[in-house]
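Here is a colleague's note to read slowly, with the model open beside it.

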Amino acid sequence: MKVLLHICCGVCASSVVERLMCEGYTVTGYFYGPNIHPHDEYDRRLDAARAVAREMRFDLIEGKYDRERWFEAVKGAENAPEGGKRCEICFRLRLEAAYRQMRKNMFDRFTTTLTVSPLKDAVLVNRLGREIGGDKFIIADFKKKEGCKRAVELSREMGLYRQDYCGCVYSQEEAIRSRERRSRENGNADRA
Ligand code: SF4
């Protein structure tokens, strides 16, 4: 069965592709990340997805970098906390694009790498996938059976770039604030 796999980054793609191939699917990747900020970060993640595709021998469709569309979609939800309304809109936008690609290229099914991350709500991702694509969407929680750990192992083996924030400008700002907080706390602990 031919499956179109929406790919958010190379690291997450690695263990999901491995699992889908083991289950007998023929995988084509679809890198689509209109959420990713800034542009050079987008390029790094796309390069990592290309490297995984080369290494694991699957075709990769490269989606458009629809930044304006993403910012338009999340308008009003910019300040929602990670995991809230903004993320739901972001998941939906990417899953809808994957569904359109699946139909355009006549794949049998589609799914996404999003559930590999321990920070992503698999129940929400799967609900949206089914709302958009019905039973064409493969329900999964790829973090289970050590999927996340396996992604880290494979990414080390392949020497892939590994990011430290989810992707959008708001998650990047939050990651910077967290780093600053930690460094202040460590500084205080050193002085104590
Ligand atoms: S935190 Fe991640 S999932 Fe949520 S809106 Fe930003 S990029 Fe999308």
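The points below take up the sheet, the helix packing and the ligand shell in turn.

1. Residues are numbered from 1 along each chain as its sequence is written. This is a predicted model, in which local features need pLDDT of at least 70 and side-chain atom pairs count only at pLDDT 80 or more, while totals for chains, interfaces and linings use all residues.

2. Four strands form an open sheet in the order E3-E2-E1-E4, and their pairing is parallel; helices (H or I, at least four residues) and strands (E, at least two) are DSSP runs numbered from the N terminus, and two strands pair if DSSP finds at least two bridges between them. The edges are E3 (59–62) and E4 (109–112), each of which pairs on one side only. Neighbouring strands are turned by 25° against each other on average, with direction ignored. Strand E1 (residues 2–7) is joined to E4 by four bridges, and Leu 5 stands opposite Thr 111 in E4.

3. Helix H4 packs on this sheet, touching E1, E2 (26–31), E3 and E4, and its direction makes about 150° with that of E1. Contact here means that the C-beta atoms of two residues, placed from the backbone, lie within 7 Å, and axes are lines fitted to C-alpha atoms, for helices over the stretch in contact, with angles running from 0 to 180 degrees between N-to-C directions.

4. The axes of H4 and H5 (residues 122–133) come within 10 Å and cross at roughly 40°, so the two helices are oblique to each other (angles under 35 degrees count as roughly parallel, over 145 as roughly antiparallel, 65 to 115 as roughly perpendicular and the rest as oblique). The residues making this contact include Phe 91 and Leu 95 of H4 and Leu 124 and Leu 128 of H5.

5. Helices H1 (residues 10–22) and H2 (residues 39–56) have axes that come within 8 Å and cross at roughly 25°, which makes H1 roughly parallel to H2. Among the residues that meet are Ala 13 and Val 17 in H1, and Ala 48 and Val 52 in H2.

6. Which residues lie around the ligand? They are Asn 35, Glu 82, Arg 86, Cys 87, Cys 90, Cys 166, Gly 167, Cys 168, Tyr 170 and Ser 171, where a residue is near a molecule if its C-beta atom, placed from the backbone, lies within 6 Å of it. H4 (85–104) and H7 (169–191) each supply at least two residues of this shell, and H4 gives the most, with three.
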